[in-house]
Amino acid sequence: MKAFPKAKLTAVLEMMIQKATVWVPSMIAGVSRFAPYRPGTDIQMGTNTAISPKEALFPSTEKIYKFSAYGIDGDFEPVDPSVGPQILFGLRSCDMQGILCLDDVFLTRGYVDDFYGSKREATTLITLGCVTPGADCFCASMGVNPAEHDASDAQMYDLGDAYGIIARSVKGEALVKDLMAAGLLSDTDKSQGPTADFVLKVDSEGITEKLQQMFDHPLWDELSRKCLNCGTCAYLCPTCHCFDIAEKKRNQHCGVKIKCWDTCMFSEYALMAGGHNPRPSKKERVRQRFMHKLRYFPERYGKLQCTGCGRCIAKCPVNLEITDVIKLAGEAKSDG
């Protein structure tokens, strides 16, 4: 395995930004999130970020086309969805798994979202194995290996005073080759130690099948009472992907259409033009969120949509935790 000293991390990133935009875990205005690296960036490699890296591939707001209308004549101009090369550096396994979920949504089943697809194609994904899980992390309970992820382009390992790196794809091999050419890598026989035990654990085995019998269960009334429908969970989640289309006018004749994040936790999300709302109360909205993560997504794509990153648990203002939902659903009688 190749490796570079942690003291040379800045040199490694400086080399990478010569060819690509490099997103790194950073502290920005007091919030830990992935952001493009620049000299002086406050890099946070020790723990996972509070905000997921999905915004590098699926931005919170994104222009999709410009339009103009004068009398009966109208025109529109598509926005080019392509981006230059970019690198997501230091992803944790939970977030790599999250990207696979986004791939399922935006790149499969007969439709390709060009805005997501162009960014995904231009991106090299470098994961970093976890040594000490956070207090709210539970990825192992959701079938994710915290130490490494086979789907990344290159896997990094925490070797104490150095980072080991192994290429897993053509993109990864090109990156490692560039680092070697720059004299930043050397051989090592060290290996990452075992991941420490998780503080938070939950048994998710059979949860999809159990929820198939619980659509009308009274558990949803109980769980929804304290929910604020604030949407914090969805905006932090690495797999939530709902969006709305908004319009911003420059004047009465022209403007731009914008794609922006949305969430099923908002009362307006399912509201129809005629005024009917099939999810009129918190009960239906809370049920939809957890059913989608744990039942509907596995039924459609064959994998759980919760990756165990723990962000929603850490930031939910009323402690409505998905691990508790899994536990309570598992213990509930299916007939209510």
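Gln18 sits in the loop between helix 1 (9-16) and strand 2 (21-28). The model that shows this is predicted. With a relative accessibility of 65%, Gln18 counts as exposed. From Gln18 to Pro278 the separation is 260 residues in sequence and 51 Å in space, C-alpha to C-alpha. The points below cover aromatic rings, charges over rings, cysteines and cavities.

**Aromatic pairs**

- The structure holds 9 aromatic pairs.
- One of them joins Phe58 and Phe106, whose rings are tilted, with 5.2 Å from centre to centre and 50° between the planes.
- Phe58 lies in the loop between strand 3 (31-36) and strand 4 (61-70), while Phe106 belongs to helix 2 (residues 93-107), so this pair ties together parts that are 48 residues apart in sequence.
- Phe58 and Phe106 are both buried.
- Phe58 also forms an aromatic pair with Trp261, again tilted, at 6.0 Å centre to centre and with 40° between the planes.
- This second pair links distant parts of the chain, since Phe58 is in the loop between strand 3 and strand 4 and Trp261 is in strand 12 (residues 254-261), 203 residues apart.
- Phe58 has a relative accessible area of 2%, and Trp261 has one of 12%; because the limit for buried is under 20%, Phe58 counts as buried, and Trp261 does too.
- Ring pairs join Phe58 and Trp261 into a cluster that also includes Phe106, Tyr116, Tyr235, Phe243 and Phe266.

**Charges over rings**

- Phe243, a member of the ring cluster, has Lys259 over its face, at 5.0 Å from the ring centre.
- Over the face of Phe215 lies Arg287, at 3.7 Å from the ring centre.

**Cysteines**

- The count of disulfides is 0.
- Cys254 takes part in no disulfide, and the nearest cysteine sulfur, which belongs to Cys260, is 20 Å away.
- Cys254 is buried, with a relative accessible area of 12%.
- For Cys264, the closest cysteine sulfur is that of Cys242, at 5.7 Å. A disulfide needs the two sulfur atoms within 2.5 Å, so the sulfur of Cys264 is too far from that of Cys242 for a bond.
- Cys264 is likewise buried, at a relative accessible area of 11%.

**Cavities**

- There are 4 cavities of 30 Å³ or more in the structure.
- The volume of the largest cavity is about 170 Å³.
- Its lining is made of 16 residues, and those nearest the centre of the cavity are Cys227, Cys233, Met265, Cys316 and Leu320.
- Helix 8 gives the most, with 3 residues.
- Sorted by class, the lining of the largest cavity has 12 nonpolar residues, 3 polar and 1 charged.

Methods:
Residues numbered from 1 in each chain as written. Predicted model: local features only at pLDDT ≥ 70, side-chain atom pairs only at ≥ 80, totals over all residues. Heavy atoms only, no water. Buried < 20%, exposed > 50% of the residue type's maximum accessible area, 1.4 Å probe, protein only. Phe/Tyr/Trp six-rings, centres within 6.5 Å; stacked < 30°, edge-to-face > 60°. Helix = DSSP H or I, 4+ residues; strand = E, 2+ residues; numbered from the N terminus. Lys NZ or Arg CZ within 6 Å of the ring centre and 35° of its normal. 1 Å grid on protein atoms, 1.4 Å probe; cavity = no way out; pocket = protein on both sides within 12 Å on 5 of 7 lines; lining within 4 Å. Points joined across faces, edges and corners; volume = space filled by probe spheres on them. Nonpolar A, V, L, I, M, F, W, Y, C, P; charged D, E, K, R; others polar.
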